[in-house]
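Thanks for coming. I will walk through one structure today, going from a loop to the strands, helices and cores. Please have a look at it first.

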Amino acid sequence: MNLITLQQVTHHYGIHRLLDGVTLHITDETKVGLIGVNGTGKTTLMRIIAGEIQPESGDTIHHPSVVVSMVDQDPPIPSGMTVLEAALQGGDALCRLLLSYEQAMDRLQKHPENEVLQAEVVKLQQKMDDQQVWNLETQAKTVLHQLGLEDYHALVETLSGGQRRRIALAGALIRPSSVLILDEPTNHLDLDMIEWLENYLKNRNGALVMVTHDRYFLDRVTNTIVELEAGQLTQYSGSYQQYLVEKEEILAKDAATERRLQTLYRQELAWMKRGARARTTKQKARIGRFEQLEETLEKTSKAELEVPVLTRRLGKKVIELKNVSFSYDDQPLIKSLDLLLKPGEIVGLAGPNGTGKSTLLKLIAGELEPVSGIIERGETVRLSYFRQENLELDGGQKVLEYIQEGREVVTLSKDQRITASQMLEQFLFSPEKQWTTVGSLSGGEKRRLLLLRRLMEEPNLLLLDEPTNDLDITTLTVLEDYLDHFPGTVVIASHDRYLLDRLADRMLVFKGKGKVEETGLSCSEWVAAEKDAGKSDPPKKQAQEGQKRQASDRPLKFSYKEQQEFDHIETNIQQLEQKIAEMENAMANNASDFHYLEQAGKEKKSLEKEMDRLLERWTELTEKADTIEQQSQL
C-alpha cells in the first residue's frame, strides 16, 4: 500500500534550492536509506515526508490512515519527566493509558496510605486489563533496556545528551507508527545496541526512512537507496552494496562522455585564450558553446573530498603509557594499562559506552592525569583532538573566518602552498558557502568544518572520538582514504564497525571495570566472537576445542594441484595487472571512439573480475602456506 507520495516537490533554504521537482513513493514495505553530502537537504526532505514542513511547490500526499514517527539528530526532551514518561509522550491512546498508570503508581509509592491514589491505581489497572496494555508496558521497558536506559524512573535532566537522544529513539520505536523516520539513529549507541536496533528494524512491519553514516547498518536494514544530489533524487532498488555496484556502472558509462567533454573543453579554452572577440555570429556561437561545455562539465564532474595530507615529521617515540590507571568517582575506567603507540599505525578503540574509550583519549591528550602510572610523550608529537561533542561555535562568524582563525596558509612543499579558502573548497565548501555564517550550516557541515580545522593544525598524532557521527558517507569515504595516506599515528574511538574494519591496524577492546585488552581480530570479527562466546555452553566449547586439537594434529599440506597453482599465481596476477594497465591506456587514447570504449569497457570489467578472483585465491593459498611453514618449524 502506498503510504506517502511526493510529487514534483521543490524547496529552498535561503537562496539554495535543496529540492528541485522531486518525486518519491513510500509504500508499507519500503525501507529507504537516504544518502547524500551534508547540507544537500536530507533532513529537510525527511521533514517534508513527515509533514513537519510544507514544500514551496508540489504535493505531499499522506494516506488517511498513515501515522508518522520521526526522530531528529537533536530531539527536544522536556525536563521534569522520567525516562519512561518521556518515551511514552506523544503516543496513541494506549500509550497515554500506560503513562497515566505509571504516573499514578509513582505517586502511590510516595504516598502508599493515600486511599484516593489506591482507588485510582485499581481503576487504571482494570483499564489496562480490558485494553490489554500490559504487552505495551513489557515492550516499552524492553526497548529502553536494550538501549541502555535501565532506570525507567530517572529524571531526564540528570542524563547525558546521548542518553536523552536514546530516549527519543526508544519513544519512536515504542509508539505505533506506519512510517518511521530516523536521522542518524546509531549516534550514541554502542556495538551491542546497534546490532539490536539493526535486527529490530529489519523485522519491524511498516515503512522506514533513515539517514545513517553506518554503512554496515545501512546495507543490512534497507531495501531501497535514495540519493539526493543537486536537488535531484535518484532511486536504487536493493541494499547499499547493490547501490554501489549500480553507481559504479553508471559512472563508468559517464566517464567516456566526460573525457570527450574535457577534450572539447580544452580545445575551446585554447580558442578563448587566443582572444576571441564576439564580433561575428559564428564567434558568438562558439563563445556560447564554450560556456555550455563549462556548465556541463561542472554538472558531470562529481565533487570529491580530496584533502592534501597536512602533517609534520614524527620521531620514533610517540606516546607510551606505563601501568596507567584512572578512576572516576571511585569507579575504575582504566586499570594498569601498558600501551605503546608506534609511528604510522592506526589503533582502534571499541567497547560499550562508559567503559573508558574517551577517557583514554583525554589521558593521551594530556587533558586528564592518571591516578597512577606514567605517560611519556615524544618531543616531536604535534597532537590534534577531534572530539565526540561539538565545540561551541560562533554562529555569527563566517565559515572562512573560522578556518583562517586556525591558519590562513599551509605550506605543502617548497613550491606549493594552499590557502584556507582552497582547503575549504576541497572540503566541499563552495566560495559562496565560505562567506555564509557558521550558524547557517547543517549539523553535518559543522562537523566537517571542525574536522577541517583539526587537519589544518598539521598534526602527526590524530585522536578521533566518534568521528563518523553526523558526517555523510562521501566525506567518510575520503576521510578514510586520507587516513590511509596519513604518515602519522591515529587513535580512533568508534562504534562504526566499517570504519574500524577498514582502518585499524590493531584493536583495543574496553570490557568495563577498567579492563582493556588488545585483540588480534578486526572489529567485526571481535563482535562475532563475543556473540558466539555468549551462545556457546561449556560442553560445546570443549567439543569445539577438541575438534580443533584433532585437526591440528594432522599435518597440513598442499595437494599437487594447489602447489602448482601457488607456484604460478603471482606471475598470473602480474600479467593480468599489465593487461588491465594496457587496456586503460588504450581507452584513454581512444576517448572519442564510443564504440571502442563500450567493447573495451566490457573486456576491462571481465579482467577486473578475474583479478578479484585471483587475489582472493592468492590470499587463501598464502595463509595455508604460512600454516604449513609454521607446522614444519615445530
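Where is the place of E466? E466 sits in the loop between β17 and α16.

Before going on, the sources. This is a predicted model, in which local features need pLDDT of at least 70 and side-chain atom pairs count only at pLDDT 80 or more, while totals for chains, interfaces and linings use all residues. Residues are numbered from 1 along each chain as its sequence is written, and side-chain values use heavy atoms, with hydrogens and water left out.

E466 is buried, with a relative accessible area of 6%. Buried means under 20% relative accessible area, exposed means over 50%, and partly exposed is in between, with a 1.4 Å probe and protein chains only. E466 also has a positive phi of about 50 degrees, although it is not a glycine. Most residues other than glycine have a negative phi.

The loop between β17 (461-465) and α16 (473-485) also holds N469. N469 is buried at a relative accessible area of 5%. Which residues is N469 in contact with, leaving aside its neighbours within four places in sequence? They are N187, H188, H213, Q388 and R447. Contact means heavy atoms within 4.5 Å.

Take H188 from that list. H188 is in the loop between β6 and α7. H188 has a positive phi of about 70 degrees and is not a glycine. At 26% relative accessibility, H188 counts as partly exposed.

R447, also on that list, is one of the buried residues of α15. Helix α15 covers residues 443-455, and its 13 residues should span 18 Å at 1.5 Å a residue; the end C-alpha atoms are 19 Å apart, which agrees. The expected span is 1.5 Å times one less than the number of residues. In α15, 11 of the 13 residues are buried. Among them are E445, R448, R453 and R454, along with leucines including L449 and L450. The buried residues of α15 pack against β14 (383-386), α12 (399-406), α13 (420-426), α14 (431-434), β17 and α16.

Now the strands. Is β7 largely enclosed or largely open? Strand β7 (residues 207-211) has 5 of its 5 residues buried, so it is largely enclosed by the rest of the structure. A207, V209 and V211 point one way from β7, while L208 and M210 point the other way. In a regular strand the side chains alternate between the two faces of the sheet.

Strand β7 has two partners to mention. Strand β3 (residues 31-35) runs parallel to β7 and is joined to it by 3 bridges, with G33 opposite M210. Strand β6 (residues 179-183) pairs with β7 in the parallel sense over 5 bridges, and L180 stands opposite L208. Two strands pair if DSSP finds at least two bridges between them. From β6 the chain crosses through helix α7 (residues 191-203) to β7, and this β-α-β crossover is right-handed. Right-handed means that, with the strands pointing away from the viewer, the path from the first strand over the helix to the second runs clockwise.

In α1 (residues 42-50), 7 of the 9 residues are buried, so α1 is largely enclosed by the rest of the structure. K42 and T44 are among the buried residues of α1. G51 follows α1 and has a positive phi, near 85 degrees. Helix α3 (residues 93-110) has 18 residues that should span 26 Å, and its end C-alpha atoms are 26 Å apart, which agrees. The cover over the buried residues of α3 includes α2 (83-88), α4 (115-130) and α5 (134-146).

Next, the cores. A nonpolar core is a set of buried Ala, Val, Leu, Ile, Met, Phe, Trp, Tyr and Cys residues joined through side-chain atoms within 4.5 Å. The largest has 55 residues, and those with the most contacts inside it include L144, I167 and L201. A second, separate core of 41 residues includes F386, Y402, F486 and M507.

To finish, the whole chain. The chain has 21 helices and 20 strands. Of its 634 residues, 44% are buried.

Methods. Helices (H or I, at least four residues) and strands (E, at least two) are DSSP runs, numbered from the N terminus.
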